[in-house]
Amino acid sequence: MRIDKKQIDQHNSDLQKAHQNRFDFAKSEIPHAESIIQKLIDFNVAIPSWALGTGGTRFARFSGAGEPGTLEQKMEDVGMLHALNNSSGAISLHIPWDIPSNYGAIKNLAADLNLKFDAMNSNTFQDQKGQALSYKFGSLQNTNKAIRQQAIEHNIEVIKHGIELGSKALTVWLSDGSCFPGQLNFRKAFQNTLEGLQEIYAALPADWKVFVEYKAFEPNFYSMTVGDWGQSLLYANKLGPKAFTLVDLGHHLPNANIEQIVALLMMEQKLAGFHFNDSKYGDDDLTVGSIKPYQLFLIFNELVEGMDARGMNHATDLGWMIDASHNVKDPLEDLLQSVEAIMISYAQALLVDRKGLNNAQDNNDVVAAQEILQNTFRTDVRAIVAEARLRAGGALDPIAFYRNNKLRASLIKERGANTIATGL
Ligand SMILES: [Mn+2]
């Protein structure tokens with residue numbers, strides 16, 4: 001389903017007057033608003049193909065309706081988000097859930113929807129139908145060489161699909177680990193995993209990257225073989241210059257200082273990018289910014305500071321992606337909220353008085369440092385973010401547009417009420 005540009009224009013003209021008042025006030029408070037707007041227009045966050053359907057917990061999954069049942073429909077959903085917010089211009093595919101039957105047709109559809117292919121994701125955390133060997137006791141760490149080989153070959157197949165589509169990165173998240181003391185020899189598990197990653201690394205084209213994603217616990221609860229940023233960084237350093245550490249916000253132990261992790265990974269030039277989500281307890285995969293918006297701002301504050309210190313391009317030098325699950329919301333509304341939260345935090349980070357903060361830090365003026373960060377966090381930048389969307393051809397209020405134009409009802413009409421997104 002496509003959105004008629006005329007409908008967006010109508011929506012924007014209905015909201016224009018109220019928006020202009022808010023934008024004029026924001027501009028009076030934020031002197032360099034124009035430079036922030038251009039950065040916001042350039043900034044895009046990739047949408048994972050598995051976030052377009054209703055997720056579930058280990059207890060139940062309550063299906064939504066009108067979910068995308070094919071890769072083409074998933075792309076159309078992301079295309080719709082991008083048409084509304086102009087900030088979701090990439091999709092991240094998961095193999096084997098999204099194996100294209102016709103690369104050319106899929107690439108044409110992507111071009112038509114103005115979408116790029118973000119990092120490709122492999123899957124060795126579950127057994128597929130007809131798979132020869134089981135990953136019950138791990139994939140790349142497995143004590144059985146034939147199982148390790150099967151996992152290596154799967155990752156190389158994922159790279160091949162990505163090459164066909166024009167992707168430039170492979171994300172490897174391993175569920176490998178152990179549930180009980182004594183189950184695993186930690187050193188051997190690490191070395192097996194490293195050897196497997198080395199073979200996968202060798203299959204990367206010259207202009208590709210591999211992102212090594214870590215996670216503290218789940219599905220294994222005693223040890224994870226890529227359990228934290230230290231372990232991921234060990235692998236990335238041993239692999240070489242095309243390997244980086246991927247930070248998923250929900251993959252830390254409670255209260256971890258993620259902004260410090262980010263700052264140090266950037267210092268080492270080993271930060272791959274992000275899987276954005278939010279959490280109260282663990283890998284909750286909740287809407288970005290819904291629980292800890294101040295933490296999200298502090299992370300972006302470090303990102304902007306670190307990227308500027310290295311002269312990096314904010315929009316393209318790191319991988320930006322959402323990795324969330326939606327159990328009680330319409331997935332598309334949830335994703336619009338997530339992207340909005342990211343844009344707000346990014347805009348606020350661009351607004352930080354960097355010179356003032358550096359002075360406060362140099363002079364150990366703790367109060368001034370806190371004042372600078374919290375004054376910025378409490379500045380309302382929503383009209384700036386909306387103005388960026390407006391200028392790029394998006395909707396002033398994407399969720400209102402989605403609801404007023406009954407887009408979910410149209411999707412249900414088109415796809416039916418009982419569709420289930422593949423892979424979920
Ligand atoms: Mn993730």
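Across which strands does helix α7 lie? In this predicted model, helix α7, formed by residues 229-239, lies across β7 and β9. Its direction is at about 160° to that of β9, which covers residues 243-248.

Strands β7 and β9 belong to an open sheet of 6 strands with parallel pairing, in which the order is β4-β5-β7-β9-β10-β11. Leucine 170 is placed opposite valine 210 of β7.

Two helix pairs were also examined. The axes of α5 (residues 145-165) and α6 (residues 186-202) come within 9 Å and cross at roughly 30°, and the crossing is right-handed. On the α5 side the contact is made by Arg148, Ala151, Ile152, Asn155 and Ile156, and on the α6 side by Asn192, Gly196, Glu199 and Ile200. By class, these residues comprise 4 nonpolar, 3 polar and 2 charged.

For α2 (residues 33-42) and α10 (residues 331-351), the axes come within 10 Å and cross at roughly 145°. This crossing of α2 and α10 is right-handed. Ile36, Lys39 and Leu40 of α2 meet Met343, Ala347, Leu350 and Leu351 of α10. The contact of α2 with α10 contains 6 nonpolar residues and 1 charged residue, with no polar ones.

Methods
Residues are numbered from 1 along each chain as its sequence is written. This is a predicted model: local features need pLDDT of at least 70, side-chain atom pairs count only at pLDDT 80 or more; totals for chains, interfaces and linings use all residues. Axes are lines fitted to C-alpha atoms, for helices over the stretch in contact, and angles run from 0 to 180 degrees between N-to-C directions. Helices (H or I, at least four residues) and strands (E, at least two) are DSSP runs, numbered from the N terminus. A crossing is left-handed if the near helix is turned anticlockwise from the far one by less than a right angle, and right-handed if clockwise. Two residues are in contact if their C-beta atoms, placed from the backbone, lie within 7 Å. Ala, Val, Leu, Ile, Met, Phe, Trp, Tyr, Cys and Pro count as nonpolar, Asp, Glu, Lys and Arg as charged, and the others, Gly among them, as polar. Two strands pair if DSSP finds at least two bridges between them.
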